[in-house]
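Hi everyone, thanks for coming. Today I'd like to walk you through one structure, going from pair to pair. Have a look at it first.

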Amino acid sequence: MERIPMERSLATPADAEIILKLYDLRRETLMRQARAWVIGEFWPATAEEYFAVAMNPADPHNAFVRQVVGYWEMAAALVLHGAVSAELFVDCNAEGFFLLAKFAHILEDIRQQSPMFLQKTSEMIKRFTSAASKYETVQKNVEALRARRSQQPAQVQYAYEHKS
């Protein structure tokens, strides 16, 4: 699919309301906890490690993964369906791109079992040049973060990954 430059028009007050509502939802207590764990502590090295949490209802973090991924995919769908300005959304959000970059190294393996995993976020990157640009920047940051994490001593990394 060919990338489309975003329209250079002013966002509407309705667009602003949606962005503010999305921000408000991110601040809800349980959502903050879920985001903190998924973004900060969940770093699966393989699709198997991802599925050990994401497909295991007995895992205490299963709901966190589903909640965070589902939230950002819903937000991306709002953009793709024109409910909110793509330009404004990309300007105001990076976390969905962060998730995609974080799982990029295992994305193909995850999609073998879950073909729709982060599909809407991926579609935004394919469709909008500003989203692709933001993703590239975020991806570099995630790669640097992953490299720093891999240099941590095993016991420090283990303690960090297993605190809840």
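Let's start with a question: is Arg35 buried or exposed? Arg35 is buried, with a relative accessible area of 13%. Buried here means under 20% relative accessible area, exposed means over 50%, and partly exposed is in between, using a 1.4 Å probe and protein chains only.

Before we go on, a word on where this comes from. This is a predicted model, in which local features need pLDDT of at least 70 and side-chain atom pairs count only at pLDDT 80 or more, while totals for chains, interfaces and linings use all residues. Residues are numbered from 1 along each chain as its sequence is written, and side-chain values use heavy atoms, with hydrogens and water left out.

Now, who is the partner of Arg35? Side chains of opposite charge can pair when their charged atoms come close. We call it a salt bridge when a side-chain nitrogen of Lys or Arg is within 4 Å of a carboxyl oxygen of Asp or Glu. By this rule there are three salt bridges.

In one of them, Arg35 meets Glu95, at 2.7 Å from N to O. Arg35 sits in helix α2 (residues 29-41) and Glu95 in helix α6, so the pair ties together parts that are 60 residues apart in sequence. Helices are DSSP runs of H or I with at least four residues, numbered from the N terminus. Glu95 is buried too, with a relative accessible area of 15%.

That brings us to helix α6 itself, residues 95-103. Nine of its nine residues are buried, so α6 is largely enclosed by the rest of the structure. Among those buried residues are Phe97, Phe98 and Lys102.

Another salt bridge joins Arg127 to Glu123, with the closest N and O atoms 3.6 Å apart. Both are in helix α8 (residues 119-127), and because they are four residues apart, about one helical turn separates them. Arg127 is partly exposed at 21% relative accessibility, whereas Glu123 is buried at 17%.

Then there is Arg27 with Asp24, where the closest N and O atoms are 3.0 Å apart. Arg27 is partly exposed at 40%, and Asp24 is partly exposed at 43%.

Last stop: Lys140, in helix α9 (residues 129-151). Lys140 is exposed, with a relative accessible area of 59%. Its C-alpha atom is 9.9 Å from that of Phe98, 42 residues away along the chain.

How values were computed
Helix = DSSP H or I, 4+ residues; strand = E, 2+ residues; numbered from the N terminus.
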